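Dear colleague,

Please find below the structure that I am handing over to you. My findings follow directly after it.

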Amino acid sequence: MKGKAEIIHYIFAYLNIKYEDHRIEHADWPAIKSTLPFGKIPVLEVDGLILHQSLAIARYLTKNTAPGGSVTSTGVLSLVFSDIPPIYQDDFYVTAINAQGTCNHTLHVLDDRVFSELLTCEAPPLLQDLETYLEDKEWFIGNSVTWADFYWDICSTTLLVLKCDMLDSYHRLSSLWEKVQAIPAIAGWLQQRPQSRL
Ligand SMILES: N[C@@H](CCC(=O)N[C@@H](CS)C(=O)NCC(=O)O)C(=O)O
């Protein structure tokens with residue numbers, strides 16, 4: 001599984017932006033959490049300003065760049081980012097981490113029934129919509145990769161950890177996932193990224 005920061009790592013890798021990556025040890029987290037806006041990571045410090053919320057940071061970093069997509073893609077971006085996030089929402093995500101036994105969160109834990117309903121009832125129609133939308137296009141939006149494709153790739157990685165046959169019926173989405181991972185800058189990041197469970 002990959003955490004909320006992963007989209008930012010993909011964008012940094014693709015745009016070849018140099019950055020300092022500060023990972024937090026579990027024991028240090030409570031003290032750091034209280035200093036952060038909304039008590040969550042990732043945050044990105046730019047010229048002394050602390051930016052937070054992973055997708056807002058992604059939009060900021062890709063503004064006016066090719067992986068940001070074009071203005072006319074706004075509708076499509078909202079499709080991707082309104083429909084997929086239910087699979088990747090904060091509450092769902094925390095539950096998923098708990099299910100994996102990787103974390104000790106006690107807040108916002110959904111029960112197993114809600115979790116499995118999300119995976120088995122809510123996710124398939126969303127995936128089918130995305131599969132249909134993708135049609136025979138190479139990328140979700142326009143003629144080149146955008147961060148919508150990166151985001152899809154990261155969502156897929158997590159979905160497959162949670163349910164390994166999750167994408168079996170969605171061949172276009174599966175091949176998009178593979179295509180993103182084959183982009184040299186992304187492949188390079190996948191090889192060099194820390195081997196963490198998140
Ligand atoms: N809405 C935030 C949520 C970020 C989030 O859930 N971060 C998790 C790690 S991936 C976190 O900080 N968990 C620790 C905690 O809640 O104490 C975003 O999208 O950036």
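Helix 1 (residues 6–15) and helix 10 (residues 184–192) pack at about 125 degrees with axes 8 Å apart; axes are lines fitted to C-alpha atoms over the stretch in contact, and angles run from 0 to 180 degrees between N-to-C directions. His-9, Tyr-10, Ala-13 and Tyr-14 of helix 1 make the contact with Ala-185, Ile-186, Gly-188 and Trp-189 of helix 10 (C-beta atoms, placed from the backbone, within 7 Å). These contact residues comprise 6 nonpolar, 2 polar and no charged (nonpolar: Ala, Val, Leu, Ile, Met, Phe, Trp, Tyr, Cys and Pro; charged: Asp, Glu, Lys and Arg; polar: the others, Gly among them).

The model is predicted: local features need pLDDT of at least 70 and side-chain atom pairs pLDDT 80 or more, whereas totals for chains, interfaces and linings use all residues. Residues are numbered from 1 along each chain as its sequence is written.

The protein chain contains 10 helices and 2 strands (DSSP runs, H or I of at least four residues and E of at least two, numbered from the N terminus).

Around the ligand there are 9 residues, the closest being Gly-3, Lys-4, Lys-40, Ile-41 and Ser-54 (a residue is near if its C-beta atom, placed from the backbone, lies within 6 Å). This shell divides into 2 nonpolar, 3 polar and 4 charged residues.

Yours sincerely

Note on methods:
Contact = placed C-beta atoms within 7 Å.
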